[in-house]
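My notes follow the order in which I checked them.

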Amino acid sequence: MKLLRVASWIALASTIAILSGCATGVRLDTSKTAISQESRVKFLIIHYTALDMPTSLRVLTQQEVSAHYLVGDDNPTTIYRLVDESQTAYQAGLSDWKGFSRLNPSSIGIEIVNLGYQDGPNGRSYQPFPQYQIDKLIPLIKDIVARHKIKPENILGHQEIAPQRKPDPGPLFPWKQLADAGLIPWPYADQVATLQAGYEQQLPDITWFQKKLAQHGYLTPQTGVLDDATRNVLIAFQARYRPAKFDGHPDAESAAILQVLTTTAKTINKQQ
Ligand SMILES: [Zn+2]
């Protein structure tokens, strides 16, 4: 009887020790908090998986790539949380934006189940994103952005942070809907039209395009010539802002959109 009582005392004492943090030998006083702090998450990166749903789930849970969230293509749409936001997911890879590099540790990644593109006899075709999927995605983005105070200009597609090697989320991803939801900046159409008329008369040179693309955030060569790397950056830019034509060719409309976007005071969409 007495032995039993001693044993239960030892069990109770060790439970208390674990609860109070004694087990690790570290005691912390958390009664004070610094006012100077912010989330380590600065960027939100959007992808398509280019795989069906079962394969997306398998690859993103069992292989060396991952994402915090996977938005399914089922209806109603399932949103899987595969990586806790306090952890790094392996989704951005080699990446750059506004002078920041290797964005995995400072970003949250959302993968969307979508097959991407297929090349056929009539050229390349992209799979559309069903509206029910986007209707689930937008509240998810709003929630993440609000909690981490991610800036509107840091909500990006994978292609934008890695234009030399990634095509996702592709030209059919509805960025305009994110703008209409008040999440991202969007160029005002009337300002674009006015500037475009001027640029039709005289198109800025490649040096101007390269400077503006870099100013907007893309890692862009500053070579003064339209090389493949610059074309790829222009394709990423056009696929987002002018998806009707994303051939990497510098034209008056692209110049006008770039000019409006880099004049930030005029571009944040006020509709919320
Ligand atoms: Zn991706």
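**Ground rules.** I am working on a predicted model, where local features need pLDDT of at least 70, side-chain atom pairs count only at pLDDT 80 or more, and totals for chains, interfaces and linings use all residues. Residues are numbered from 1 along each chain as its sequence is written, and side-chain values use heavy atoms, with hydrogens and water left out.

**Overview.** I looked up the secondary structure and found nine helices and nine strands. Helices (H or I, at least four residues) and strands (E, at least two) are DSSP runs, numbered from the N terminus. Next came burial: of the 272 residues in the protein, 42% are buried. Buried means under 20% relative accessible area, exposed over 50%, and partly exposed in between (1.4 Å probe, protein chains only). Then I checked contacts, meaning heavy atoms within 4.5 Å. Of those between residues at least 6 apart in sequence, 64% join residues at least 24 apart.

His47 has a relative accessible area of 1%, so it is buried. His158 is buried as well, at 5%.

**Helix α8 and its partner.** I took α8 (residues 228-241) and α9 as a pair: their axes come within 11 Å and cross at roughly 80°. That makes α8 roughly perpendicular to α9. The contact uses Phe237, Gln238 and Tyr241 of α8, with Ser254, Ile257, Leu258 and Leu261 of α9. Axes are lines fitted to C-alpha atoms, for helices over the stretch in contact, and angles run from 0 to 180 degrees between N-to-C directions. Angles under 35 degrees count as roughly parallel, over 145 as roughly antiparallel, 65 to 115 as roughly perpendicular and the rest as oblique.

I listed the buried residues of α8, among them Thr230, Val233, Leu234 and Phe237. The buried residues of α8 pack against β9 (155-157), α4, α5 (175-180), α7 and α9.

**Helix α6.** I compared length with expectation. The 13 residues of α6 (residues 189-201) should span 18 Å at 1.5 Å a residue, and the end C-alpha atoms are 19 Å apart, which agrees. The expected span is 1.5 Å times one less than the number of residues. Val192, Gln196 and Tyr199 are buried in α6. Their cover includes α7 (206-216) and α9 (252-261).

**Gln210.** Is Gln210 buried or exposed? It counts as buried, at 1% relative accessibility. Gln210 belongs to helix α7. Beyond four places in sequence, the contacts of Gln210 include Thr220, Pro221, Asp227 and Thr230.

**Ser106.** I placed Ser106 in the loop between β5 (100-101) and β6 (107-112). Ser106 is buried, with a relative accessible area of 16%. Leaving out residues up to four places away in sequence, Ser106 touches Arg40, Val41, Lys42 and Phe43.
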